[in-house]
Amino acid sequence: MTDQKLRKLVMAALFAALTTVMTMVIRIPSPMSGYVNLGDCAVLLSAWILGPGLGCAAAGIGSMLADLLGYPLYAPGTLVVKGLMALAAGLLFRRLRRGESSHALPALLASGAVGEVVMVAGYFLYEAAPVPVGLGLGALANVPFNLVQGVFGLVSAGAVYLALFRTRALARL
């Protein structure tokens, strides 16, 4: 295994662990069995820094691990939803930034917003499905809280990414 491949694998593992920890550190409960947390910050950072493939894996696995430790019913859905969220954000970010050497704030905002829409829609579908959660249209009650989660994640991830960019830390990753 080359040094570059090993470095990427280690970074993906670190982002998975970071995603788990950031999801579990601050939990603001929502009325419908969920909670608002910092996990989406790590999910979006995974997508933007690692790219769509490794970002998808790190975000999905890290988020799922957090659910296994607190909300195991959501673990399978979280693996897919957060993975797809990172995949969508990473693909769009890469496409929008093509040829740009700057931090590309519009690319951060657009790709993060698309990723968060994937998250909100994904959790709605998972919660509305008859199995395993089975809330039906009652899953709509969680949509506002997931939107708050999305805005919180996008703002925090954007701020961290811009800080890393300004300190040139991203060039060393």
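Helices here are DSSP runs of H or I with at least four residues, and strands are E runs of at least two, both numbered from the N terminus. I looked at a predicted model, in which local features need pLDDT of at least 70 and side-chain atom pairs count only at pLDDT 80 or more, while totals for chains, interfaces and linings use all residues. Residues are numbered from 1 along each chain as its sequence is written, and side-chain values use heavy atoms, with hydrogens and water left out.

**Nonpolar patch.** I looked up the patch on the surface formed by Met24, Ile61, Leu65, Leu68, Leu69, Leu79, Val80 and Leu84, which together have about 670 Å² of accessible area (Shrake-Rupley method, 1.4 Å probe, with only the protein chains shown counting as cover for residues). Patch members must have over 30% relative accessible area and no salt bridge; nonpolar side chains (Val, Leu, Ile, Met, Phe, Trp, Tyr) are joined within 5 Å, and like charges within 9 Å. Helix H3 (52-68) and H4 each supply at least two residues of this patch. I then turned to valine 80, whose place is in helix H4, and noted that it is partly exposed because its relative accessible area is 48% (buried is under 20%, exposed over 50%, partly exposed in between, with a 1.4 Å probe and protein chains only).

**Glycine 77.** Helix H4, residues 75-97, also holds glycine 77, which counts as buried because its relative accessible area is 5%.

**Positive patch.** I found Lys8, Arg94, Arg95 and Arg98 forming a positive surface patch, where Lys and Arg count as positive, Asp and Glu as negative, and His and the chain ends are not counted. The place of a charge is taken as NZ of Lys, CZ of Arg, CG of Asp or CD of Glu. Lysine 8 lies in helix H1, residues 3-25, and counts as partly exposed because its relative accessibility is 44%.

**Glutamate 116.** I located this residue in helix H5, residues 105-128. Glutamate 116 is buried yet has no salt bridge, and the nearest side chain of opposite charge, lysine 82, is 5.7 Å away; a salt bridge needs a side-chain nitrogen of Lys or Arg within 4 Å of a carboxyl oxygen of Asp or Glu. Apart from neighbours within four places in sequence, glutamate 116 is in contact (heavy atoms within 4.5 Å) with Asp40, Leu44, Met85, Gly150, Gly153 and Leu154.

**Proline 132.** I noted a cis peptide bond between valine 131 and proline 132, with omega about 5°; proline 132 is found in the loop between H5 and helix H6 (143-166).
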